Amino acid sequence: MKTSNSTLLSRIKDRTANVVVVGAGYVGLPLAVETAKAGYRTTAFDKSAPKVDAINAGRSYIEDVPTEVVGPLVKQGKLGASVDPDVLGKADVIIICVPTPLNKTKDPDNSFIMDAADLIVPRMHAQQLFVLESTTFPGFTSEVLLPKLSSGGLSVEKDFFLAFSPERVDPGNPKFHTHNTPKVLGGSGPKSLEHALALYGTFIERVVPVSSTDTAEMVKLLENTFRAVNIGLVNEVAIMCGRLGLDTWEVIEAAATKPFGFMPFYPGPGLGGHCIPIDPLYLSWKLKPLKYNARFIALADEINSAMPELVITRISDGLNDRGKAVRGAKILVVGVTYKQDIDDIRESPALDIIKLLENRGAAVSYHDSHVTPAAMAHEGLKTPSATLDALESFDCVVITTKHSDVDYGALVRRAQLVVDTRNATKELRPQNRDKIVSL
Ligand SMILES: NC(=O)c1ccc[n+]([C@@H]2O[C@H](COP(=O)([O-])OP(=O)(O)OC[C@H]3O[C@@H](n4cnc5c(N)ncnc54)[C@H](O)[C@@H]3O)[C@@H](O)[C@H]2O)c1
């Protein structure tokens, strides 16, 4: 006789389960596309009506997700979107991919997850699988989300199943996408893990089970802390090389020829994006009441957060050498997104640099083909955009992100002064030492 448990498992295995992805952003939309491609009838539930309308019109609003992929899935009836929370009640599987930012005091803000849970709980029914993908601190799933989902009277491992699976999406990465990036999974119990493994095994090449949701949460924080700390280290190396009169990039590239025991990280104008600047602080916050001070995290945060100020010092020194002040200078910031060839400006250090320059009285413009004035306005900036046609007219051009569509040779030839925070002018520096200042 089939138990009700095996019914959900078999529906997952034969791909007849209905999947709802809560939050169709940088993580949720690519995931919804994968579950739909795997054959699951998938609904992206999002509070943003424009995003829902775009999906239902077969249009993608995320550069990594081609419209040519979304369109046919919508036409086939495999993918749809809704702002109506009642879709949650019709789901067999609910995957939560909502934001997890920091609040003003740099403490974790899990309110988006709790808002989603508030919508889910009154619509819960027996035999559902819930997976949290939003990054959070170790213990959130077991200590906060599980009690919330159980508050309606249903029991985990019996009536419903719960897992945590950290998202590892790397926007703009041409090689690794959702389906070929190994996926770590931790369950609230063996049955939860079994259900989650069955689901992700249908569309992810390699699934990596771990012993608990707490472990899976910690895995994500280790990965992102590793990056934040190593970037902090290499930013400090850039500061030291500056004092020593050495080219940081030359030093790193030579060190990277060591075939073992060294992994190159590169300095930059500061951390950006929704993960690396934020996630390690989730971990240090969790450790505080346990009377442990996560020192590497605090130090990396201090160094990385100070990088925009270092860039301002480099700009003002370069202008000073030419008898100019930051106040009144015409400055063009080239590349505003937090990394190359993507359209995401969240937490981008270029925004801090623009604000610091504007506060000092500079006349700042920006150039970035991936960034609209509306996106800048969303960040509270009225900075005008500029083409690269009048480079000669700027007192200083600052490269804050290296994009493939910028001709850096022409930029260096025509600019009066270039401050390069990304090694975009590597080949051009030897002949242009008087013009280029690098990190
Ligand atoms: N962007 C990345 O590169 C990345 C990588 C790894 C992990 N993550 C993690 O994944 C999570 C999501 O990040 P993201 O970049 O996709 O965020 P995002 O802002 O791009 O998308 C989140 C979406 O959730 C929607 N939303 C918010 N509250 C909602 C609610 N209660 N109900 C329905 N929809 C709601 C928003 O409208 C938005 O469309 C975060 O925890 C983040 O740390 C992100």
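Start with tryptophan 249. Its relative accessibility is 4%, so this tryptophan counts as buried. Keep in mind that this is a predicted model.

Who is its partner? Tryptophan 249 forms an aromatic pair with tyrosine 266. The pair is stacked, with 10 degrees between the planes and 6.0 Å centre to centre. Now, where do the two sit? Tryptophan 249 lies in helix H9, residues 248–255. Tyrosine 266 lies in the loop between H9 and helix H10, which covers 279–287. The two are 17 residues apart in sequence, so the pair ties those parts together.

Is tyrosine 266 buried or partly exposed? Partly exposed: its relative accessible area is 37%.

Next, the count. How many aromatic pairs are there? The model has 6 aromatic pairs. One of them joins tyrosine 200 and phenylalanine 203. This pair is tilted, at 40 degrees between the planes and 5.4 Å centre to centre. Tyrosine 200 is buried, at 0% relative accessibility. Phenylalanine 203 is buried too, at 8%.

Rings can also form a cluster here. Ring pairs link Phe137, Phe140 and Trp285.

Lysine 330 lies over the face of phenylalanine 394, at 4.8 Å from the ring centre.

Last, the cysteines. Cysteine 241 is buried, with a relative accessible area of 6%. Cysteine 396 is also buried, at 0%. How many disulfides does the model have? The count is 0.

That's my tour. Over to you.

How values were computed:
Residues numbered from 1 in each chain as written. Predicted model: local features only at pLDDT ≥ 70, side-chain atom pairs only at ≥ 80, totals over all residues. Heavy atoms only, no water. Disulfide = S-S within 2.5 Å. Buried < 20%, exposed > 50% of the residue type's maximum accessible area, 1.4 Å probe, protein only. Phe/Tyr/Trp six-rings, centres within 6.5 Å; stacked < 30°, edge-to-face > 60°. Helix = DSSP H or I, 4+ residues; strand = E, 2+ residues; numbered from the N terminus. Lys NZ or Arg CZ within 6 Å of the ring centre and 35° of its normal.
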